[in-house]
Amino acid sequence: MIPVKQKPIRPHRPIVSVAVALPVMDCYSYTVPDHLLALIRTGKRVLIPFGSRTVTGYLIGSSSEPDSTTLKHILDVLDDAPLFSSAMVPFFQWIATYYMYPLGQVISTALPAGLNLTDIAVMTLCPPGMAALTSDAVSPLEKTVLTALTKRPMDFRQLKKDVGQRVPWALIHQMRQRGWLVVERQIKGGQVRRKTIRMVRLAEGVAESGKISPQRQAILDLLRQQGGLSVPDLSKRVPTAASLVRAMQKAGMVRIEDHPVYRDPFGDPIDPDRPPVLTDEQAEAVNRMTPLLGKGFRTVLLAGVTGSGKTEVYLQLARQAVDRGLHVLVLVPEIALISQTERRFRARFGETVAVLHSGLSRGERYDQWLRVARGEAGIAIGARSCIFAPFETVGLIIVDEEHDAAYKQDGGLSYNARDLAVVRARHQNALAVLGSATPSVQSWHNVAIGKYSTVGLTRRVNRQPLPVIQTVDLSQIRDERGIRRYITPLLQQEIQKTLDDGHQTLIFLNRRGFSVFPICAHCGQPLRCKNCDISLTLHKQANAYRCHYCGFSRPATSTCPACGSDKIKLLGTGTEKIQEAMVQLFPQARVARMDRDTMTRKGSVVKLLKDLKNRNIDILVGTQMVAKGHDFPGITLVGVVCADLTLNFPDFRAGERTFQLLAQVAGRAGRGKQPGKVILQTFNPDHFSITAAKHQDFVTFFNQEIGFRQALGYPPFTRMIAVRLSGRDPRQTGIHARALGSACQDLLHPEGPFHRQVQVMGPIEAPLARIANQHRWQLLIKSPDTARLHRFVNQLMLGPNALPTRRDVRVTIDVDPFSLM
C-alpha cells in the first residue's frame with residue numbers, strides 16, 4: 001500500500017473579539033499572529049484591517065468564533081499597557097445596548113481624544129490631470145477639483161472644504177480611472193503620545209580623568225551625586241550642558257535616555273488642610289453612609305440645602321473609602337466647578353487625586369487617564385466624562401448637583417453621566433451618592449418608591465438661615481424704559497445698600513450677550529442667522545452679531561438684510577448689557593462678568609473666583625455658571641433680573657428647571673457670616689415653580705409637579721426615546737420623517753406586541769426647525785415598559801422592515817432626552 005502524503009495540521013491561532021471604532025453595531029473576530037501573542041490583553045488598542053481600510057479597534061476579550069481559517073489577523077498592538085480593565089467591558093456593553101450606540105464608538109468616547117489611528121484616502125494630481133485642466137471636455141466640478149489638487153495632495157475631507165461644495169466619490173473614481181489622479185491610503189491619527197524628557201546618567205565604568213573641561217567635570221560630579229538628572233535640570237547648573245552631553249555621550253562618558261513624564265494640569269501647589277468639626281447633621285450623614293462602603297450596591301440621595309456642607313460630607317466619605325482600599329469617582333456638572341472641588345480634595349488627599357475633563361489639553365488628559373489606569377491615583381474628579389475613569393474597581397461614586405442638565409451629553413453618545421454613575425455602581429457593587437439642594441424629580445421619585453434611600457441636611461453649616469427672598473412683579477412696570485425695565489428701583493436700592501455695607505452682590509440673568517433680539521426699526525424684521533431659525537445676539541465687546549447655535553457672525557455695523565436700513569433697535573437683554581448698566585448705575589463699584597464669553601481662557605475661572613474671594617469684585621453678573629455649587633461667602637445679595645426665561649420653553653421639564661435654577665442661584669446668598677437676601681423679578685409671581693423657589697420648598701414643588709407628570713404620562717412614569725432627523729433638503733427630510741412615522745404606526749397594529757404599550761408622538765418639526773442649515777424633525781416614543789420601548793425602537797431602526805438609510809438625512813437616537821428643542 002502506497003502511503004498517502006498528508007499536509008501538516010496547523011494549530012488554530014488564538015481568536016479575539018474586537019470592537020471597531022466605527023459606526024458598526026457588531027464586534028468582530030480576529031486571529032492573533034504568533035509575534036503579538038505576548039502583547040494581547042483586554043483593554044489595549046489594536047490596528048486591524050476592516051474591509052479595504054485599516055482602523056483602530058479595542059480588545060474586549062476572547063472570541064467564541066469556531067474557525068480561524070477565514071479570519072483576518074491583527075496587524076499591530078498599539079499600547080504597552082491596557083487603557084481600561086476587563087472589568088469595564090460589561091459596563092461599556094451595557095451602555096452600547098441601552099443607548100443603542102456602537103460598542104467601539106462607546107469605548108472611543110470614553111477614552112481620551114486623539115488616540116486612534118485610521119487610514120484615509122489621499123488624492124494626488126497626475127500629469128494627465130494637469131493637462132486636462134486646459135481641456136474643454138472637463139466639467140466645471142472636475143476642473144475645480146483638479147485646480148484644488150494643484151496646490152497639494154489632499155484627503156477627501158480637505159478637498160470638500162477647499163472646493164466648498166459636495167464632491168461625489170463616484171466622480172473621484174472616474175477621474176482616477178482616466179489617470180488624472182491617484183488615490184493612496186495613509187495611516188493618520190494618534191496625535192496624543194506620552195511626554196518624555198531626556199535624562200542623563202553616568203555611563204558604566206567611567207573613570208576619573210583630569211583631561212576634561214571644568215564644565216564636563218561639573219556634569220560628571222553632579223551625576224555622581226544625584227544619580228541622574230534631566231537635561232533642563234543640568235542646564236540650570238551648567239548652562240552649556242544641553243550641547244555638552246551629546247559629545248559626552250559619543251565619548252562614552254554618559255548615556256542619554258528618554259524618560260516618560262506626566263504633564264501637570266494642576267498649576268499652583270495647595271497646602272494641606274485639616275478636617276473641620278462636623279455639624280450634627282453632617283456627622284449623622286457620614287455615619288449612616290460609611291457602613292455601606294464595600295457592602296454591595298446602594299444609591300443614596302444626599303438632599304442638603306445650599307450651604308449645608310455637602311462637600312465636606314463627600315470628603316469624609318472619600319477618606320473612609322480610601323482607608324478601606326477603595327477607589328473614588330467624583331463628578332461635578334461643570335468644568336468651572338472642578339477647580340474648586342479639585343483644590344479641596346487635593347488639600348485633603350494630595351497626589352492621589354487625578355482630574356479628567358475636556359478643559360485639559362489632550363496630552364494632560366491622556367496622562368491623567370494613565371495615572372488612573374496604572375493605579376497611581378485613587379480618586380478621580382471631573383465632569384461627565386469622568387464616569388469612564390479606568391479604575392479596575394470603584395467603591396464610591398459621588399455625583400454633586402445630580403439634578404444638573406450638564407450631565408447629559410448632547411450629540412454622539414447621548415449619555416447621562418448621573419444615570420451611568422448608578423449603573424457603574426451596580427456593576428461594581430459600589431455606593432453611589434447623589435447630592436443636591438434641589439434633587440431631580442426622577443431621583444426624588446426613586447426615593448419615594450424605595451429604589452434609593454435618602455439622607456438630609458436641613459441647616460447651613462454656619463447656622464445662618466436661608467436667604468430671605470422677595471419677589472417683584474415685572475408686569476407692574478412693563479411701561480418703564482431704559483435701565484428701569486430690568487433693574488427695578490427695589491433691586492437698585494438693595495445693591496446700593498449692599499455696597500455701602502461693604503458686601504458683594506450677584507446679579508443673575510440666564511442670557512449672555514448685549515441684545516438678544518435686534519430688529520430693524522424701519523421694516524420690523526429681526527436680524528436672523530442665515531443658517532438657523534433663530535435671532536442673532538449682539539455681543540458689544542466683540543463688536544458682532546452672533547448665533548449661539550452655529551457660530552455664524554456678522555459685524556455690528558451690519559444693515560438690515562431685508563431693507564438695507566442701518567437703524568437697528570437693540571431689544572432684549574443679556575449679561576453684557578446688565579454689566580454695562582451696573583457700571584453706569586454704580587460707577588464706584590468693581591463689576592465683573594461670568595458667562596461663556598468671559599470664561600473661555602484656561603485659568604479664567606480660577607482667577608475670577610480668586611478675585612471674588614479676595615474682595616476685588618463688588619458686583620458679579622453671570623449666567624447659570626454662577627448658580628452651580630460655588631461658595632461665595634462675601635455675597636449677601638442676589639438679584640434675579642428675570643426669573644421666567646426657562647419657564648416658557650416647550651419642554652415638560654421647564655417648571656423643574658426653573659425651580660432648580662432659582663433655588664440654586666438664591667442659595668449663593670448669605671453663605672458667610674452675614675445673612676442673605678434675594679430680589680427675584682418675575683412676570684409670573686404666582687406660578688408654583690416661582691413660589692416653591694421663593695420658599696426653598698422642594699417637597700411642595702415635587703408634589704405638584706409629579707401630579708402633572710403622572711397625568712400626562714411623562715417621565716418618571718414612562719421612559720422616552722427621541723428619534724431625531726436632520727438634513728439639508730427640507731422636503732426630503734420631511735418625507736423621510738413621515739415615512740418613519742408610518743413605520744411606527746405599522747409596528748403599533750392591534751395584533752402586535754406594542755399596541756397600547758408604546759405611544760408615538762409625531763413626527764413633527766423640531767421647535768428650532770433649522771440649525772446650521774440642517775432641517776430638523778423628531779419623533780418622541782414613550783412607554784412605561786423600558787424593555788418594550790427599546791425593542792420597539794430596535795425594530796423600527798434595525799428590524800427586517802426598517803427603512804433604508806439615506807445619505808442626505810441623518811437619523812439619531814436620544815435615549816432619555818433632556819432637551820426637546
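Six strands form an open sheet in the order S19-S29-S28-S20-S27-S26, with parallel pairing. Two strands count as paired if DSSP finds at least two bridges between them, and the strands (E, at least two residues) and helices (H or I, at least four) are DSSP runs numbered from the N terminus. At the edges lie strand S19 (468-473) and strand S26 (591-594), each of which pairs on one side only. Neighbouring strands of this sheet are turned by 20° against each other on average, direction ignored; axes are lines fitted to C-alpha atoms, for helices over the stretch in contact, and angles run from 0 to 180 degrees between N-to-C directions.

The model is predicted: local features need pLDDT of at least 70, side-chain atom pairs count only at pLDDT 80 or more, and totals for chains, interfaces and linings use all residues. Residues are numbered from 1 along each chain as its sequence is written, and side-chain values use heavy atoms, with hydrogens and water left out.

Within the sheet, strand S28 (residues 635-640) pairs with strand S29 (residues 677-682) in the parallel sense over 4 bridges. Valine 638 has valine 678 in S29 as its bridge partner. Helix H17 (residues 575-585) packs on the sheet and touches strand S20 (504-508), S26 and strand S27 (619-622), where contact means heavy atoms within 4.5 Å. The direction of H17 makes about 170° with that of S26. Helix H18 (residues 604-613) lies across S20, S26, S27 and S28, and runs at about 140° to S26.

A further helix, H21 (residues 698-712), contains glutamate 705. Glutamate 705 is buried, because its relative accessible area is 4%; buried means under 20%, exposed over 50%, and partly exposed in between (1.4 Å probe, protein chains only). Leaving aside neighbours within four places in sequence, glutamate 705 is in contact with Val441, Phe652 and Phe688.
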